[in-house]
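Have a go at each one before you read its solution.

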Amino acid sequence: MWRRVASLSSFISSSNSSFLAQAACRLNIWESLTTGIAQQAKGVIVPKEKTPFITFVLGGPGSGKGTQCIKIVETFGFRHLSAGDLLRREIASNSADGAMILNTIKEGKIVPSEVTVKLIQKEMELSENHKFLIDGFPRTEENRIAFEQIIGVEPNVVLFFDCPEEEMVKRVLNRNQGRVDDNLETIRKRLKVFEALNLPVINYYSQRGKLYKINAIGTVDEIFEQVHPVFRAFEVVG
Ligand SMILES: Nc1ncnc2c1ncn2[C@@H]1O[C@H](COP(=O)(O)OP(=O)(O)O)[C@@H](O)[C@H]1O
Ligand SMILES: O=c1ccn([C@@H]2O[C@H](COP(=O)(O)OP(=O)(O)O)[C@@H](O)[C@H]2O)c(=O)[nH]1
Ligand SMILES: [Mg+2]
């Protein structure tokens, strides 16, 4: 849904009517105006006009990604898409890929990019919200490239929860959510995979000036105090 509207917005701003667009936006009639144009052009109702704002939330297993995402959603109203949750939902729904996904997760390995990106894409297309928190993805450079190719956009912000290994192990072993991968053997494998495959993604975004590194030690609220200004800055601009 956001993709169709994103291309509509760029059509309008490139058609020499940016002043009109800005004025309409201020008068709060932007939505009805764009909807009307969309109806004329395609005969369908397109209810939103905003380009997506994408945040990737990265960090090792147990670094607190999911916990902080809940707080970001409460405060800033994002749509939270946990790649791990989407994959676990596939397992639970007995989908064609379910058995493969379960084995991959048990081994602490990474599910093929196409599978994960398609699940994320479906949720993004269904969403009425244009602000996305994509939690636990991309896990590899291959994941990252697949997302860029299939979805066709880059993240605006990349959060990295930086946590010492022994703390991550302690948190995962205490997580108590009945997950097949929350055991010492799988955690060891996941930490290796994180270092070998996810750190290059984190470095990539650091070089592109998109990375916000958060010290993941402290209480949940103390950590959120570091996260808050990142989004606050974007709210002021946007
Ligand atoms: N700052 C924190 N201090 C202590 N425990 C935490 C903190 N943040 C999260 N946890 C706990 O650690 C476990 C892992 O957190 P979670 O958010 O699931 O991490 P991730 O999504 O990165 O694997 C959960 O049981 C969570 O309640
Ligand atoms: O993009 C992803 C996200 C997750 N996973 C798999 O799902 C597991 C659990 O991921 P999740 O993000 O839920 O774990 P967390 O880091 O939050 O503990 C990972 O170890 C991988 O096996 C994957 O293959 N690709
Ligand atoms: Mg998580």
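**Exercise 1.** How many helices and strands does the protein chain have, and what part of its residues is buried?

Start with the secondary structure: the protein chain has 11 helices and 5 strands. Here helices (H or I, at least four residues) and strands (E, at least two) are DSSP runs, numbered from the N terminus. Next, burial: of the 238 residues in the protein chain, 29% are buried, that is, 20 or more other C-beta atoms, placed from the backbone, lie within 10 Å of their own.

A quick note on the ground rules: this is a predicted model, where local features need pLDDT of at least 70, side-chain atom pairs count only at pLDDT 80 or more, and totals for chains, interfaces and linings use all residues. Residues are numbered from 1 along each chain as its sequence is written, while chains are lettered from A and ligands numbered from 1 in the order in which they are written.

**Exercise 2.** Work out how helix 5 and helix 6 pack.

Step one: find helix 5 at residues 83–92 and helix 6 at residues 98–106. Step two: their axes (lines fitted to C-alpha atoms over the stretch in contact) are 8 Å apart, at an angle of about 130°, on a scale from 0 to 180 degrees between N-to-C directions. That makes helix 5 oblique to helix 6, as angles under 35 degrees count as roughly parallel, over 145 as roughly antiparallel, 65 to 115 as roughly perpendicular and the rest as oblique.

Step three: look at who meets whom. Leu 87, Glu 90 and Ile 91 of helix 5 touch Gly 98, Ile 101, Leu 102 and Ile 105 of helix 6; contact needs C-beta atoms, placed from the backbone, within 7 Å. Sorted by class, the residues of this contact are 5 nonpolar, 1 polar and 1 charged. (Ala, Val, Leu, Ile, Met, Phe, Trp, Tyr, Cys and Pro are nonpolar, Asp, Glu, Lys and Arg charged, and the others, Gly among them, polar.)

**Exercise 3.** Which helix gives the most to the shell around ligand 1, and which to the shell around ligand 2?

Take ligand 1: it has 15 residues around it, with Gly 64, Lys 65, Gly 66, Thr 67 and Arg 171 the closest. A residue counts if its C-beta atom, placed from the backbone, lies within 6 Å. Helix 4 gives the most, 3 residues.

Now ligand 2: among its 20 residues, Ala 83, Gly 84, Val 111, Gly 136 and Phe 137 come nearest. Helix 5 has the largest share, 3 residues. By class, this shell holds 7 nonpolar, 8 polar and 5 charged residues.

Definitions and conventions
Contact = placed C-beta atoms within 7 Å. Buried ≥ 20, exposed ≤ 12 C-beta atoms within 10 Å, placed from the backbone.
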